[in-house]
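Morning, everyone. Please look at the structure on the screen while I talk.

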Amino acid sequence: MRGRHSDASFMYKRGPSKDNINDFDREGSSVRLLNGKDIGNPSWKRSLPHILVATISSFLYGYHLGVVNETLESISINLGFSGDTFAEGLVVSTCLGGAFFGSLFSGWVSDGLGRKRAFQLCALPMIIGASMSATTNSLWGMLLGRLFVGTGMGLGPPVAALYVAEVSPTFIRGTYGSFTQIATCLGLLGALFIGLPAKEIVDWWRVCFWVSIVPAVVLALCMEFCAESPHWLLKRGRGAEAEAEFERLLGGLHVKSAMAELSRSERGDEADSVKLSELLYGRYFKVVFIGSTLFALQQLSGINAIFYFSTTVFKSFGVPSDLANICVGFSNLFGSVVATMLMDKLGRKVLLLGSFSGMVVSMALQIMATSSFASGSGALYLSVGGMLLFVFTFSLGAGPVPGLLLSEILPGRIRAKAMAVCMAVHWVINFFVGLLFLPLLEKIGAGVLYSIFAAFCVLAVIFVKSNVLETKGKSLQEIEIALLPSE
């Protein structure tokens, strides 16, 4: 084994000459056949433990998004800002601000330190921030803790998307990519259920923050035993280690073909040679534009406004807020599970088109509920049914697909940094939708506002149909070759 790795290391150090790449191609072609038979797909069981550890970061992302939903009232009473809506808003929005800055630096962190170390670095501010929030006796201590947590939240999702795409076997990459969305839903539901006693038990909200430290520590420790991304290793000139990690993830029979395919796209590109200007124009502009627009349309569809407003809608019909949150949470989870089963069967583009189309129909139902034609029980069924259907159809495609699709269509040379830029767009629009939703609701009314959201969903259908490439069943290298023009 050592001799083989030494040879591989020597071969990669010689540089990306055509002869070397052709040699690897020939080796990769021969390894696909064993005794004249196709060796088939690698076992999904080898990579699954690594994927599950990575999705803990998505669980933490969902948990910290939802942890203040049930606890905000008791937090405001204990810390002395009860009735101050601006302060309550800061407790929520400070986390989003931290996430924006975390996402901005995620690409440089994951390219500079590697995917494993980026996960561990993401867990650190979550541990520190949760500890600060759990022990504070002032609003400023809570805000500082939420800022730390938000930084980890911004760092985690883009790194998780990169890692899952780069270590997953091609035939099951879509399914594994959906695991991050399921983990986020489980985090939201976990925060909801753990926060239920907060209204009855004094200082229970502190327990809710302490609990989040456990999965963060598990992520940091378990990631030490997970595989590093072979893509990142090869990009750093560590070919022998990349081969060893492929063997852990795919099995010995698939190592040469995987390395051959990877070498065709990497060609010795240096991770630290990517400049921000390269992402904004030239041959990379198209893929960065597609990714940023997908995330923008995801947020402009109104999904977070629906989450924010769902409790109010349910309450107006006499439904308790706890039950409302549970219904929305399970609708989100159920849709994510269905998406996992369909991702590698129907494909990313089909799910996106179906998802945004379903969201248009859902918004139409809610628009009808606000009109004068609906009243009483009819308005209840249309509004509540439309809201749950909206969350369900969102989780089928518009929720899980953009992050997975971006990690697939972005070329290896710019993948981490371009993902950071696209995620920053996501957080900026997320922030402004949350900021402007209630003022717009008061000024123009729910019907007009829902119509605007529906229009963005229609625009998303048109954009996806015209610009999104189907990536189902294609390797990352095949996708890169199909999307990028020749230099």
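Let's start with one residue. Ser292 is buried, at a relative accessible area of 15%. Buried means under 20% relative accessible area, with a 1.4 Å probe and protein chains only. Ser292 sits in helix H15, residues 285-300. Helices here are DSSP runs of H or I, at least four residues, numbered from the N terminus. Leaving aside residues up to four places away in sequence, Ser292 touches Cys422 and Val425. Contact means heavy atoms within 4.5 Å.

A word on the source. This is a predicted model: local features need pLDDT of at least 70, side-chain atom pairs count only at pLDDT 80 or more, and totals for chains, interfaces and linings use all residues. Residues are numbered from 1 along each chain as its sequence is written, and side-chain values use heavy atoms, with hydrogens and water left out.

Now the core. A nonpolar core is a set of buried Ala, Val, Leu, Ile, Met, Phe, Trp, Tyr and Cys residues joined through side-chain atoms within 4.5 Å. The largest one has 97 residues. Phe119, Met153, Leu219, Leu294 and Leu352 touch the most other members. Which helix gives the most to this core? Helix H21, residues 415-467, with 18 residues. A second, separate core has 17 residues, including Val68, Phe81, Ala134 and Trp205.

Back to Leu352. Not counting residues up to four places away in sequence, Leu352 touches Leu294, Gly397, Ala398, Val401, Pro402, Leu405, Val464 and Val468. That's my tour, thanks.

How values were computed. Buried < 20%, exposed > 50% of the residue type's maximum accessible area, 1.4 Å probe, protein only. Helix = DSSP H or I, 4+ residues; strand = E, 2+ residues; numbered from the N terminus.
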